[in-house]
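Visitor: I am new to this structure and would like to learn how to read it. Could you walk me through it, one feature at a time?

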Amino acid sequence: MTDTTDYTFVCPECAESMVVNAPMRDALIDNGCVICGSSVSDQSFSHA
Ligand SMILES: [Zn+2]
């Protein structure tokens with residue numbers, strides 16, 4: 001089984017949005033927004 005779940009990420013700070021997969025989602029939660037560096041939580045993601 002391949003995990004093909006995608007999420008739509010919308011940054012609460014800079015409003016950048018992008019579609020990410022599960023590993024990218026985890027990386028964003030660990031590292032923060034790639035654009036503005038703001039910390040993000042799972043609240044910032046919705047299923048694409
Ligand atoms: Zn941001």
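Guide: Gladly! Let us begin with a term we will need: two strands pair if DSSP finds at least two bridges between them. In this predicted model, threonine 8 has serine 46 of β3 as its bridge partner.

Visitor: How many bridges join β1 to strand β3, and in which sense do they run?

Guide: There are three bridges between β1 and β3, the latter covering residues 45-47, and the two run antiparallel.

Visitor: What holds strands of a sheet together in general?

Guide: Strands pair through backbone hydrogen bonds, and the pairing can be parallel or antiparallel. Here, β1 (residues 6-10) also pairs with β2 (residues 17-21), in the antiparallel sense and over five bridges. You can find valine 10 bridged to serine 17 in β2, while aspartate 6 stands opposite asparagine 21 in β2.

Visitor: What is the order of the strands in the sheet?

Guide: The order is β2-β1-β3, in an open sheet of three strands with antiparallel pairing. Because β2 and β3 each have a single partner strand, they stand at the edges, and one side of each has no neighbour in the sheet. From one strand to the next, the twist averages 35°.

Visitor: Where does the helix α1 pack?

Guide: Helix α1 packs on the sheet and touches β1, β2 and β3; its direction makes about 120° with that of β2.

Visitor: What lies between β1 and β2?

Guide: Six residues lie between these two strands, which form a hairpin. Alanine 15 is found in that loop.

Visitor: What should I know about phi in general?

Guide: Most residues other than glycine have a negative phi. Alanine 15 is not a glycine, yet its phi is positive, about 65°.

Key. Residues numbered from 1 in each chain as written. Predicted model: local features only at pLDDT ≥ 70, side-chain atom pairs only at ≥ 80, totals over all residues. Helix = DSSP H or I, 4+ residues; strand = E, 2+ residues; numbered from the N terminus. Axes fitted to C-alpha atoms, helices over the stretch in contact; angles between N-to-C directions. Contact = placed C-beta atoms within 7 Å.
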